[in-house]
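This briefing goes through one structure topic by topic. Keep the sequence and the 3D view at hand while reading.

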Amino acid sequence: MRVTVVERVPAEEMRIEGLTGDAAIAHALKQCDIDVLAAYPITPQTIIVEDFQKFAANGEVQTKVIPVESEHSAMSACVGASAAGARVATATASAGLALMWEILYCAASLRLPIVLTIANRALSAPINIHNDWSDSYGARDSGFIQLYCQSSQEAYDTTIMAFKLAEDHRVLLPVMVCIDGFILSHNVERVEMLPDEAVRNFLGVRDPVLPLDPDNPITMGPLALTDYYFEIKEGQDRAMDAVPEVYKEVEAAFEKMTGRSYGMFEKYRTDDAEIIILTHSTPAGTAKAVVDVLREKGEKVGVLRLKMFRPFPAAEVAEAIKHAKAVAVFEKCRSFGAVCNPLALEVRAALYDLKERPMVTDFVIGLGGRDVPPTTIVEGYEKTKEYLAKGKAPLYETLGVRK
Amino acid sequence: MAVDFAKGITEFRWHGRGGQGVVTSNQMLGKAALAEGNYIQAFPEFGPERTGAPVRAFLRISKSPIQIYAQVYHPDVVICIDPTLLDVVNPTEGLKSDGTLVLNTTMSPEEVREKFDFKGGNVVTVDASTIAMEVLGRPFYNMPTMAAAVKATGVVRLETVIKTVMERYPGKIGELNRAAMERASEEVQIG
């Protein structure tokens, strides 16, 4: 990694504002000095691109904003710009991400750093503009790094760090930065923003490997059949393997500058916990509030809030939860026809090689934006206790739905 | 209510109709609280934009970072800016027994208590509709109703709220809103 000399930014140089999750991301993109933003509007990421367009119209950024005619074109434009060596971002959700699908794989396989911010939203039908994780969970095998944020502050911080992670020569992969649609994307929270110069110094200018250059033409992504395709995928897989180490370095530098870091996951009161709630994004925040109340009643419970879903930090997660009697997974996605759902699948696989494993319960919550109040978390916790007593749990179940 | 999952957090629920500025005034109150050093969450009830239909918005204010992300089910303060909603929604639903009910209405606090059978906490009334028409000349009664809530709860200082509103609406609109808010804070009835 390029050596970055960062220093702690004094508190008086920080700017504090009330920003929605979307606006926090827009401000981060502005400070990251991106060269190209290509996007097509879709709720609930709308504010990201709207705010950024205002910055562009006011001359506050030098970015080339490309208002394309579809998300397929948005990601295609990002691929082209990133291949030319630019710092590139876009934003989408739901059907927009679905329409990007083909090009997501191209971006990752061509090893192009692109930051794709997502306000997670349910997929049709029926049409629904609200939050669940079906969109980005569906893209979990595309080769993108996936980082999920709980707060507007974390969305701001993560967007900045995402470029440094993506552009590192040991990684060179695109990154999805995900926030919960509406629940965070339209929620005004306190956000502490760095001075522009600090962000620019932290990121530096992108140093592209083998960029497109009219004077030295090369071909990118040509045909590779039985001869080389597999080797290319092998290389892509190794890049993903390098992510945790680079992520830790990026976070360490960011923490030095801001005092904030998040880790690949956050452990909250898990050390002596008998039951660990495992989830991410906004439900993880609510789960922490629930844990505080349950702890007062003497319950030994904690939360593991996942941040990095791709690559999944299996060994570290297993180490953090293996002492528990049970792990209660809460996730906003149903993987139809699967034995359980994407997050629980990872957790169960991560625990499989242990001689003594915690029981894993899997609760599908909040599809299509159904509110996830603390009582839903409590219900899953109580059910997990019952299953522990019985010694048997269903592979998954839904909570908070009329049956 | 059973268990308090929001200890140390003051929770608000707003009622209004789409287009009346519930979302905006909720954000203004939140940003004023932020300016006084608090952590906040200010968010609307999520749904398609529906002009004229009942809408809600939620606000959390706390001295420490807020972890909970869900709608507010047991608010400390309920603010209803549209008097015509009082026959459509029950603003006391889920309101804590020691909570504060703030209404734009010509009713007295006693009449409100009787109508909603609300015995606890505080009832705060202000005729924000008349104030808005007389001061602003248009039915923008979100800001004067907010001023009544601020006066009654003391959760933030009125000056901070006015400053936040003036920054958002510089010039004449801001000045008129200031006048409406100051008048509302004087005419508020608490009982």
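**Domains and contacts**

In chain A, the C-alpha centres of domain 1 and domain 2 lie 28 Å apart. The model is predicted.

- Domain 1 of chain A covers residues 12-258, and domain 2 of chain A covers residues 265-398.
- Where they meet, 24 residues of domain 1 of chain A are in contact with 21 residues of domain 2 of chain A.
- On the domain 1 side of this contact, the elements that give two or more residues are α5 (134-138), β6 (145-148) and α9 of chain A.
- The largest share of that side comes from β6(A), with four residues.
- Sorted by class, the domain 1 side has 15 nonpolar, six polar and three charged residues.

**A:Pro244 in helix α9**

- A:Pro244 is part of helix α9 of chain A, which spans residues 243-258.
- A:Pro244 has 15 C-beta neighbours inside 10 Å and therefore counts as partly exposed, since a buried residue needs 20 or more and an exposed one has 12 or fewer.
- Leaving out residues up to four places away in sequence, A:Pro244 touches A:Met264, A:Pro311 and A:Pro313.
- From A:Pro244 to A:Gly263 the separation is 19 residues in sequence and 9.6 Å in space, C-alpha to C-alpha.

**Helices α11 and α12 of chain A**

- Helix α11 (residues 314-321) and helix α12 (residues 342-351) of chain A pack at an angle of about 80°, and their axes are 9 Å apart.
- α11(A) and α12(A) are therefore roughly perpendicular to each other, because angles of 65 to 115 degrees count as such.
- From α11(A), the residues A:Ala314, A:Val317 and A:Ala318 meet A:Val347, A:Ala349, A:Ala350 and A:Leu351 of α12(A).
- The residues of this contact are seven nonpolar, no polar and no charged.

**Chain A against chain B**

- Between the chains, 21 residues of chain A are in contact with 19 residues of chain B.
- On the chain A side, β8 (188-193) and α10 (281-296) are the elements that give two or more residues.
- α10(A) gives the most to this side, with seven residues.
- By class, the chain A side has nine nonpolar, eight polar and four charged residues.
- β8(A) is joined by two bridges to strand β2 (residues 39-44) of chain B, and the two strands run antiparallel.
- Opposite A:Val188 stands B:Ala42 in β2(B).

Note on methods: Residues are numbered from 1 along each chain as its sequence is written. Chains are lettered from A and ligands numbered from 1 in the order in which they are written. This is a predicted model: local features need pLDDT of at least 70, side-chain atom pairs count only at pLDDT 80 or more; totals for chains, interfaces and linings use all residues. Axes are lines fitted to C-alpha atoms, for helices over the stretch in contact, and angles run from 0 to 180 degrees between N-to-C directions. Angles under 35 degrees count as roughly parallel, over 145 as roughly antiparallel, 65 to 115 as roughly perpendicular and the rest as oblique. Two residues are in contact if their C-beta atoms, placed from the backbone, lie within 7 Å. Ala, Val, Leu, Ile, Met, Phe, Trp, Tyr, Cys and Pro count as nonpolar, Asp, Glu, Lys and Arg as charged, and the others, Gly among them, as polar. Two strands pair if DSSP finds at least two bridges between them. Domain bounds come from an automatic or database domain assignment.
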